[in-house]
Amino acid sequence: LGGLMLVVLAGAMTAQEYSWRSTHLWLSRGLPRPAFLAAKYATLMVAALLVVLAAVLVASPLTAWFTRQLTGSLSLADLNLVELALSILRTAYTILPYAGLTFLVAVLTRSTVAAIAAGLGYALVLENVVVQLLGLAGGIWAEIGRHAPSSLATALMQTNLRLIDIDLGSGVSSGLPGPWAATAGITLYTVVLFGLSLWAFRRQNLTG
């Protein structure tokens with residue numbers, strides 16, 4: 001749900017600035033286009049982190065209350081705060097390709113509706129169908145499917161299970177990239193999508 005919220009935010013925040021002409025205002029004051037777009041992209045990254053952090057802050061007291069009710073005690077001695085912080089960062093990081101795609105469509109179309117529809121349509125429908133079809137095709141096509149954003153996110157999120165000592169078995173992670181490969185893949189998607197957004201933005205005529 002956090003990813004879907006960020007898609008909506010990315011589409012609305014980016015595309016609406018065209019109709020509000022705030023983009024034109026910033027650029028008319030001498031702000032370089034790369035700096036403007038990088039600042040907006042950085043804002044999305046912070047928003048992704050805040051979305052995940054908010055979920056943790058809401059769930060933590062509820063989890064503590066239920067734990068105490070069910071077990072009669074609550075011990076925080078075994079809680080690994082470093083691993084918890086890393087799990088929050090990993091979760092937020094998996095959202096970035098979807099926000100990046102929405103961001104790109106918003107820059108290309110300048111339409112809030114088109115950007116949000118593209119981001120949600122890809123995340124909810126297109127990617128699932130394409131990954132399943134590629135898996136059925138086998139061979140190199142299945143390998144391509146295993147490097148889709150959702151597959152990389154699944155591979156990276158499994159690292160979070162170390163925090164609660166859960167083993168899903170080899171079947172769940174079979175064929176998926178390792179954590180570092182998944183991180184590199186997500187980074188590549190994020191950088192490429194931002195690069196395309198910047199390329200398109202630098203060539204837009206904003207004088208009208």
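Predicted model: local features only at pLDDT ≥ 70, side-chain atom pairs only at ≥ 80, totals over all residues.

Q: What makes the largest nonpolar core a core, and which residues have the most contacts inside it?
A: A nonpolar core is a set of buried Ala, Val, Leu, Ile, Met, Phe, Trp, Tyr and Cys residues joined through side-chain atoms within 4.5 Å. The largest one here has 25 residues, and Leu 6, Leu 37, Leu 44, Phe 103, Val 107 and Phe 201 have the most contacts inside it. At least two of its residues come from each of α1 (2-20), α3 (33-71), α4 (81-93), α5 (96-109) and α10 (179-202). Helix α3 gives the most, seven residues.

Residues are numbered from 1 along each chain as its sequence is written, and side-chain values use heavy atoms, leaving out hydrogens and water.

Q: Why is Leu 70 called exposed?
A: Exposed means over 50% relative accessible area, buried under 20%, and partly exposed in between (1.4 Å probe, protein chains only). Leu 70 has a relative accessible area of 73%, so Leu 70 is exposed. Leu 70 lies in helix α3.

Q: How many helices and strands does the protein chain have?
A: It has ten helices and zero strands. Both are DSSP runs numbered from the N terminus: helices are H or I with at least four residues, strands E with at least two.

Q: What share of the protein chain counts as buried?
A: Of its 208 residues, 35%.
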